[in-house]
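Here are my comments on the model, as numbered points. Please read them with the structure open.

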Amino acid sequence: MIELKEVCKVLHLAHVAERFEEIPFENKEQFIRDVLMLEVDARQTT
């Protein structure tokens with residue numbers, strides 16, 4: 001099975017791959033939203 005970090009790299013979600021473990025998990029929707037916002041924020045600041 002492909003590891004989550006490898007999937008993130010294939011999808012060019014480098015910031016998610018590096019930091020997804022920092023996001024608290026309350027529910028699935030909140031988690032994926034927060035993870036994707038992490039990537040959006042990182043891309044907007046670079």
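Is Asp 34 buried, partly exposed or exposed, and at what relative accessibility?

1. Asp 34 is partly exposed, because its relative accessibility is 27%. The cut-off for buried is under 20%, and exposed means over 50%. Bear in mind that this is a predicted model.

2. Asp 34 has a charged partner. It forms a salt bridge with Arg 33, with 3.8 Å between the closest N and O atoms. The limit for a salt bridge is 4 Å. Arg 33 counts as partly exposed too, at 43% relative accessibility.

3. The pair is one of several. The structure holds 3 salt bridges. Side chains of opposite charge can pair when their charged atoms come close.

4. Next, Glu 22 and Arg 19. Their side chains meet in a salt bridge, at 3.1 Å from N to O. Arg 19 is partly exposed, as its relative accessibility is 37%.

5. Then Arg 43 and Glu 39. Here the closest N and O atoms of the salt bridge are 2.9 Å apart. The two residues lie 4 positions apart in helix H3, so about one helical turn separates them. Helix H3 covers residues 28-45.

6. Look at the accessibility of both partners in this bridge. Arg 43 is partly exposed, at 45% relative accessibility. Glu 39 is buried, because its relative accessibility is 4%. The cut-off for buried is under 20%.

7. What does Glu 39 touch, not counting residues up to four places away in sequence? The answer is His 12, Leu 13, Ala 14, His 15 and Val 16. Glu 39 itself sits in helix H3.

8. Now the nonpolar surface. Ile 2, Leu 4, Val 7, Val 10 and Leu 11 form a nonpolar patch there. Together these residues have about 470 Å² of accessible area.

9. Leu 11 counts as exposed, because its relative accessibility is 52%. The cut-off for exposed is over 50%.

Methods
Residues are numbered from 1 along each chain as its sequence is written. This is a predicted model: local features need pLDDT of at least 70, side-chain atom pairs count only at pLDDT 80 or more; totals for chains, interfaces and linings use all residues. Side-chain values use heavy atoms; hydrogens and water are left out. Contact means heavy atoms within 4.5 Å. Patches are made of residues with over 30% relative accessible area and no salt bridge: like charges are joined within 9 Å, nonpolar side chains (Val, Leu, Ile, Met, Phe, Trp, Tyr) within 5 Å. Accessible areas come from the Shrake-Rupley method with a 1.4 Å probe; for residues, only the protein chains shown count as cover. Buried means under 20% relative accessible area, exposed over 50%, partly exposed in between (1.4 Å probe, protein chains only).
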